[in-house]
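Work through the following exercises with the sequence and the model side by side, trying each task before reading its solution.

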Amino acid sequence: MEKPLSPRESGQFVAERSRDVFVDEDGVKRVAQMIYELRDSEEFTASGWKMMNPLAPSPDSDEAINWVFVTDTMNFSFWPEREEEQCEVLCRGNTYRGYMSLCAAVTRAMDEGVPITNPTYFSQISEAELAKVLRSDSGTPMPMLRERHQALTEAGRVLAEHGGSFRKFMSHCENDAEKMVKYIVENIPSYRDEATYEGKRISFYKRAQILVADFWGIMEARGEGHIPNLDYLTMFADYRVPQGLVHLGALRYSDALMETLKKGELLSSGERRELEIRGCSIWCVERIRQHLWKLVEERDGKSCHINSALIDFYLWPYAKKHHSEMAHIPIHHTRCIYY
């Protein structure tokens, strides 16, 4: 079978053929200008990692590196069937929802003495034990328990075969972001986020790329974060950032697609419209990055340090923060292990 296009190539390939999702160049330029004005803020530095991951162990502990691996391996499909029925996890006096409910559940388990970040333990954890770790404090359980259990135990067994820790696993990749993404995808099946679009094999590798970005964030916070080609990463194609891009006018849906999403119709993983939303989101952020780099070069006379991953790290919380303002823009719903 032919190798899939890289996530960046896939984004461009999809955007050039998309029938229901479109990158709007005027909107792209407006977002680039918005980010340009924020270019020196802490939001666009690695030091923002701890700020974005308040429940993580201290970055200077090796436990933090395995914590990232555990949470990223189960980082998929948190949207509720109904908005008022959300999985909620109480940890250290606060209640968390969505992806943060997973982080809270893992940290709560650590506080309770469960060795959930130890690969020897989580490679053999039973589904019932994981259900207790991920238990909800509301009436709504976390979705896809069986799939999370399979992904976590499978990934734990892979770590056991590659030195026994996530750090040792990554040591095979020579501090190279491209090699890291490829190594993760080759060795851990649940990270293999690939599909076929218009007869071409494509890839998005959302979770693999987040795992590399989080590993970089932790290592940077430890003063060990030199990964020279981090610009290899694209944005992380999920369901929250596309909504933000539509709200900002950089991405546009056809009337037919908008109507489908407003009705709450599920899109299956790998179907054309779902791939167009994800692929065009990647290419949209690439275009934002290209315009931003040009602005910085022309106006500041220097090269820009803000890559696509950092733009995503800005857009995801932005979409969460402005949730009520963009409530009229539906997110697409796809139940799968890839995002």
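**Exercise 1. Determine how many residues of H5 are buried, and compare the span of this helix with its expected value.**

Solution. Helix H5 is mostly covered, with 13 of its 14 residues buried, where buried stands for under 20% relative accessible area, exposed for over 50% and partly exposed for what lies in between (1.4 Å probe, protein chains only). Helices (H or I, at least four residues) and strands (E, at least two) are DSSP runs, numbered from the N terminus. Just after H5, Gly113 takes a positive phi of about 90°.

The model is predicted, so local features need pLDDT of at least 70 and side-chain atom pairs count only at pLDDT 80 or more, while totals for chains, interfaces and linings use all residues. Residues are numbered from 1 along each chain as its sequence is written, and side-chain values use heavy atoms, with hydrogens and water left out.

**Exercise 2. Describe the burial of H8 and identify which helices its buried residues pack against.**

Solution. Helix H8 (residues 145–161) has 17 residues and spans 25 Å between its first and last C-alpha, close to the 24 Å expected at 1.5 Å a residue. Its buried residues include Arg148, His149, Leu152, Glu154 and Val158, and the buried residues of H8 pack against helix H4 (62–73), H6, H7, helix H9 (166–170) and helix H10 (177–187). Ser123, in the loop between helix H6 (119–122) and helix H7 (127–133), counts as buried because its relative accessibility is 10%, and, leaving aside neighbours within four places in sequence, Ser123 is in contact with Thr153, Gly156 and Arg157. Asn187, which lies in helix H10, is partly exposed at a relative accessible area of 23%; Asn187 touches Val158, His162, Phe169 and Arg192, not counting residues up to four places away in sequence. After H8 comes Gly163, with a positive phi near 100°.

**Exercise 3. Compare the packing of H14 with H15 and of H14 with H2: what are the angles and the axis distances?**

Solution. Two packed helices are described by the angle between their axes and the distance between the axes. Axes are lines fitted to C-alpha atoms, for helices over the stretch in contact, and angles run from 0 to 180 degrees between N-to-C directions. Helix H14 (residues 272–300) and helix H15 (residues 308–321) pack at about 110°, with axes 10 Å apart, which makes H14 roughly perpendicular to H15. The scale counts angles under 35 degrees as roughly parallel, over 145 as roughly antiparallel, 65 to 115 as roughly perpendicular and the rest as oblique. In this contact, Val285, Glu286, Ile288, Arg289 and Leu292 in H14 meet Ser308, Ile311 and Leu315 in H15.

For the other pair, helix H2 (residues 25–37) and H14 pack at an angle of about 55°, their axes 8 Å apart, and are therefore oblique to each other. Among the residues that meet here are Val28, Ala32 and Tyr36 in H2 and Ile288, Leu292 and Leu295 in H14.

**Exercise 4. Where are Ser77 and Glu198 found, and how exposed is each?**

Solution. Most residues other than glycine have a negative phi. Ser77, although not a glycine, has a positive phi of about 50°; Ser77 sits in the loop between H4 and E2 and, at 0% relative accessibility, counts as buried. Glu198 has a positive phi near 50° and is found in the loop between strand E4 (194–197) and strand E5 (200–203), where Glu198 is partly exposed, with a relative accessible area of 46%.

Definitions and conventions
Contact means heavy atoms within 4.5 Å. The expected span of a helix is 1.5 Å times one less than its number of residues.
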